[in-house]
Amino acid sequence: MSTAVQAQVLIIGAGPVGVTLANLLGTYGISTLIIERNLDVLDYPRAVGIDDEALRTFQSAGMADAIVRDVIQNVPMRMYTADRRCFAEIQPTTREFGWYRRNLFSQPLGEATLRQGLQRFPHVELRSGVELLDLVQDEQGVLATISDAHGMQSYLAAQYAVGCDGGRSTVREKILKLPYEGKTHPAKWVVIECDGDPLDAPYTALHCEPQRPYVCLALPYGVRRWEFMLFPGEDGEQMLAPAKVRELLREHVADVDALNIIRARVYTHNSRVAGSLVCGRICLAGDAAHITPPWIGQGLNAGLRDAFNLAWKLAWVLQGRMKPALLASYHDERHAHVKAMIDLADLFGAVLSQKNRLLAWCRDKFFLAIKDIPRVRDYVLQMKFKPMPSFHSQAVMQGDPRNRDDLVGRMFLQSLVETGEGEVMRLDDLCGSRFTLLSWRCDVLPAATVDPDLRRRMQAFGCDYLQGVRSRSGARGVPLTGSGTVIQDHENKLNAWFKEKGVDWVLLRPDRFIAAAGRADDAPAVMQLFLDRVAC
Ligand SMILES: O=C(O)CCc1cccc(O)c1
């Protein structure tokens, strides 16, 4: 067996989270090796929901447009009472982060697209048919023992490893021996899919019928999915018999015998999170780190948030820009949010899959009674119940009076901006894989007064300076200049945001979270402080 440093990062598991992480690391210039036990992408859809934060993550990896080609965007979710009246609809109108908030995708197609994305990077390699046998770490790095498809064992060395190896993660269970805290819900569900969608129902429908709660949704390219709850005493495997499957569908389609059923599977809902997401040089992401019931379509999205949060931190540490201790912020920032999402999904599940007829009747009466109260309707319709990440960690600048703590740790909006060359583009595409100091209608780093060493430190840290101005400000045809790169607010959204928040600048991380924010005069001092805290 031979040992060589194979990569800066070793990813175990090439599911959607592992491959997204590899795409992001590839974008940041990090040599990455991703190993996967299976030879191919699994050919059946599991997760279906892709939200706006996930699309923003793909955008950062240069993959959003390719992914969206196979996505149904802006799909509502409706909830129905026991007697089939719609008592709530979720269809957010916001595109605050540049994308629709509720979208449905086909996981096998999405994964194939993400794998194609890896081919852009000579420094990223995917090895399939490879199983992890062991993983050890010391102060220098990690060493994996692997076995290939022929049973040949060898070693792989890397500086960091990330376990993206699913709910039954070897990295979490066998290597790190971490608890997977939470519960497995007692009810099993049968998931059935057919092609040639027989229904005209382009939304996700949650049917809260106590006699058998079920979910019905439309996936890309004419696939229709149903998920039926099973009752105690109903055997999952027996319910997959073709006659049983058609029996489940009989009252939901006109001609059940004409359906082309392409798959039927049994699954259980889990609500679990690993005790820690960072153990020295080994991290966990995706289902290896947490697992969420599907009710609010957040399982995969949570994993993609992990990838976005972790990728730049690994890159900055590996490139010697950021202190390695800052990697701990990955756990701090993700663990709390994941827990909040799981709790919300559990609450949805408990309310919507109520089997007690009296309680279900009370629920329906209650929701029907409040559904037309404008504030309630807006709260549900706009998905305001969704817990948005809000970080308090070492990787954001909290606790300095010159800094706006209430804005720090939240995701910044994304709008269209116009460059000096007149090109209209999404803000994130302009920020690229960097930190961005974005000022609004002022120069917060004027060359005449600001220590040139600060600009040098920012540059070395990987931070650019953009100066935002109102659209069509200045004289017609005269280029706008400043000590930063001047951009125009193409949609007037930055103007509204900065006006409402009352700050003159924000410091954006590569994952588009606000690391610091404040008034013009304070920017140089806060920037110095931030760099003192995080930079090497
Ligand atoms: O977000 C969506 O539209 C789907 C959410 C969902 C709910 C219940 C089951 C499931 O597989 C997905």
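Me: Over which ring does the charged end of arginine 172 sit?

Reply: A charge sits over a ring if NZ of Lys or CZ of Arg is within 6 Å of the ring centre and within 35 degrees of the ring normal. Here, the charged end of arginine 172 sits over the ring of tyrosine 180, 3.5 Å from its centre. For arginine 95, the charged end lies over the ring of tyrosine 100, at 4.1 Å from the centre. This is a predicted model, in which local features need pLDDT of at least 70 and side-chain atom pairs count only at pLDDT 80 or more, while totals for chains, interfaces and linings use all residues. Residues are numbered from 1 along each chain as its sequence is written, and side-chain values use heavy atoms, with hydrogens and water left out.

Me: How many aromatic pairs does the structure hold?

Reply: Rings of Phe, Tyr and Trp (its six-membered ring) pair if their centres lie within 6.5 Å; planes under 30 degrees apart count as stacked, over 60 as edge-to-face and the rest as tilted. The structure holds 18 such pairs. The rings of phenylalanine 435 and phenylalanine 530 have centres 6.0 Å apart and planes at 50°, so this pair is tilted.

Me: Are phenylalanine 435 and phenylalanine 530 buried or exposed?

Reply: Both phenylalanine 435 and phenylalanine 530 are buried, where buried means under 20% relative accessible area, exposed over 50%, and partly exposed in between (1.4 Å probe, protein chains only). Ring pairs link Phe435 and Phe530 into a cluster with Tyr28, Trp312, Trp316 and Phe461.
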